[in-house]
Amino acid sequence: MRVLLLCSSFNGLTQRVWLELRRAGHEVSVELALSPEVMAEAVELAKPDLVICPFLKERVPARVWQGVRTVIIHPGPPGDRGPSSLDWAIAEAEPEWGVTALQAVEEMDAGPVWGYRMFAVPAEAPRKSALYNGPVADAAVELALEVVAKAADPGFRPVVVEEGAAGVPGRLRRAMRHADREFSWEEPVEAIVRRVRAADGAPGGRGVLCGVPVRVFDVYRGPELAGMPGEVAGRCEGAVLVHAGDGGTVWVGHVRVEGEGSVKLPAVVALGELVAGVPERAGYSEITYDRSEGVGVVSFDFYNGAMSTDQCRRLAAALRYAVAQDTRVLVVRGGEVFSNGIHLNVIEAARYPEMEAWRNINAMNEVCREVVACDRQLVVVSIGGNAGAGGVMLGLGADRVFVREPVVLNPHYRTMGLFGSELWTYTLPRRVGAEVAARLTREALPVGAAEAVELGLADRVVGGSRVEFERRVLEYAERLAVDASYGGLLEARRRGRRVDELRKPLEAYRVEELAEMSRDMFDDRCGFAGARRAFVRKEPAVVTPGRLARHRELSGASWG
């Protein structure tokens, strides 16, 4: 079937829908909903059998849905309407939520239902971004495939749902206002965490820290500790510990100081001198090390997968420590997002962005070098969340790469105006071959987990929840540590590294990549500064990238 995806952005959820529909054999094109005229023109050019809107904040023009069956994937259960569905679900502690496929009609989110999925919401408030990229995305992918199947059935008719009818859980909810996102440190920890997580990753909870109005993100319950609500009690690894109203505390990982031009940053970086005298206090850790049955596990979980210079240096130090231990297998495990490479927000906010970018990529290279050069253990990389750019390359130096089934990889740099580093010119061709490596970095398209294994980017796909995935990877590593073939595998790793080093040293790859990156970062030859600024400041796209809009490529139409 010929399918057109209309979307507000080509985000992780939309990428998963795009990948799964293509894998199912459908012809899929994408158009960003930049204006009613652009959407209508896209339909005229693509001549789709079906339009699906997996992530759309804009209204679909009447001339589109009146001419072609158009289905909206809405992040709420049947009957739910409004633009802040997930925000309200978390804020009001809904025990169950859903995703619904609706036919587009004049009134937004009010059309007949093509299908829906329900899922349990954790009792502990989830981050909105985690809910969206987890169960919501899973349901959206299932529904997109179901919608295409039903569209091929001439006898199918969507079901009209009346709000308030028996068995209809949803209702119309207004858009959340600024006041709905405000909180006071006088409130209990649970209330603060829930309010902030209902707005994380955007627009954030609204509060005051150190006398400064801020948007708050990335919060966790801290220890019981007496103190004045709102007072900063400690700092650790970029986060600050803040007293709350019930004798508890809240770890705040990221904030954005209110004001024009400000960006979301690690709390210690954003608050700067205001927290310079605050004492260090343990209890918040982005990086941990554990041992189990001959296996060492380095786990890291960086907010949104962005890795600053400081975070990279700490991770490299953790890997060096792990390699020095008397274990037989090293597992390198990422978090909710595995990694997206260098920290664009920290770079953009730096006094000299070009120099900070340079420091960051050099620190990131040290992390990748530790994975590639390890010769004391076999290395298993556990990718349980999405990864992009240098975050993909980070894992490629391992002996085994495991990816969780819903994961989307973006093994390229071109859309950010960078040549890339992280030793990719060594590890990527070694895994997938020079021809495929050139295609992946040139086309700059997402890759699903199954395709990653087929290409050689990864070795095995594992299903289940993130907890189940991590358990199964650890069990594999424990079996590998006692396997009779272990000695031969480790010697093969060492021998292969020696042969490759004689052919061309790792340092040569690093130097050549950095020579290219210096032109991108300091001379801005491919628009890194502008692409970075647009990403960090969430500037709206002005055109649908040609690599996505196949209907325009085939028709020869303008991208503008």
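Residues are numbered from 1 along each chain as its sequence is written, and side-chain values use heavy atoms, with hydrogens and water left out. Because the model is predicted, local features need pLDDT of at least 70 and side-chain atom pairs count only at pLDDT 80 or more, while totals for chains, interfaces and linings use all residues.

Helices (H or I, at least four residues) and strands (E, at least two) are DSSP runs, numbered from the N terminus. Two strands pair if DSSP finds at least two bridges between them. In general, strands of a sheet pair through backbone hydrogen bonds, either parallel or antiparallel.

An open sheet of six strands has mixed pairing. Its order is E2-E1-E3-E4-E5-E6. Which strands stand at the edges? They are E2 (27-32) and E6 (113-120), each with a single partner strand, so one side of each has no neighbour in the sheet. On average, neighbouring strands of this sheet are turned by 20 degrees against each other, direction ignored. Strand E5 (residues 96-103) pairs with E6 in the antiparallel sense. Seven bridges join these two strands. Glu96 has Ala120 of E6 as its bridge partner.

Axes are lines fitted to C-alpha atoms, for helices over the stretch in contact, and angles run from 0 to 180 degrees between N-to-C directions. Contact means heavy atoms within 4.5 Å. Helix H1 (residues 12-23) lies across E1 (2-7), E2 and E3 (50-55). H1 runs at about 180 degrees to E1. Helix H2 (residues 36-46) also lies across E1, E2 and E3, at about 170 degrees to E1.

H1 packs against helix H5 (residues 128-151) as well. The angle is about 35 degrees, and the axes are 9 Å apart. H1 passes H5 in a right-handed crossing. A crossing is right-handed if the near helix is turned clockwise from the far one by less than a right angle, and left-handed if anticlockwise. H1 contributes Leu13, Arg16, Val17, Glu20 and Leu21 to the contact. Among the H5 residues are Tyr132, Val136, Asp138, Val141 and Leu145. By class, this contact has 11 nonpolar, two polar and three charged residues. Here Ala, Val, Leu, Ile, Met, Phe, Trp, Tyr, Cys and Pro count as nonpolar, Asp, Glu, Lys and Arg as charged, and the others, Gly among them, as polar.

The crossing of H13 past H14 is right-handed. Trp424, Leu428, Pro429 and Val432 of H13 meet Ala434, Val436, Ala437, Leu440 and Thr441 of H14. This contact has eight nonpolar, one polar and no charged residues.

Strand E8 (residues 212-221) pairs with E7 (residues 205-209) and with E11 (residues 249-257). Five bridges join E7 to E8, which run antiparallel. Val208 has Pro213 of E8 as its bridge partner. The hairpin of E7 and E8 has two residues between the strands, and Cys210 takes a positive phi near 55 degrees there. E8 and E11 also run antiparallel, joined by seven bridges. Arg221 stands opposite Val250 in E11. Seven of the 10 residues of E8 are buried, so the rest of the structure largely encloses this strand. Buried means under 20% relative accessible area, exposed over 50%, and partly exposed in between (1.4 Å probe, protein chains only).

Val401 lies in strand E18 (residues 400-404). Is Val401 buried or exposed? Val401 is buried, with a relative accessible area of 2%. Not counting residues up to four places away in sequence, Val401 touches several residues, including Val381, Ile383, Arg431 and Leu457. Val401 and Leu457 are 56 residues apart in sequence and 7.8 Å apart in space, C-alpha to C-alpha.

Some backbone features remain. Most residues other than glycine have a negative phi, and most peptide bonds are trans. The peptide bond from Asp200 to Gly201 is cis, with omega near 10 degrees. The bond from Ala202 to Pro203 is also cis, with omega near 5 degrees. Asp109, in the loop between E5 and E6, has a positive phi near 65 degrees. Asp109 is buried, at 18% relative accessible area. Asp524 has a positive phi near 55 degrees. Asp524 counts as partly exposed, at 32% relative accessibility.
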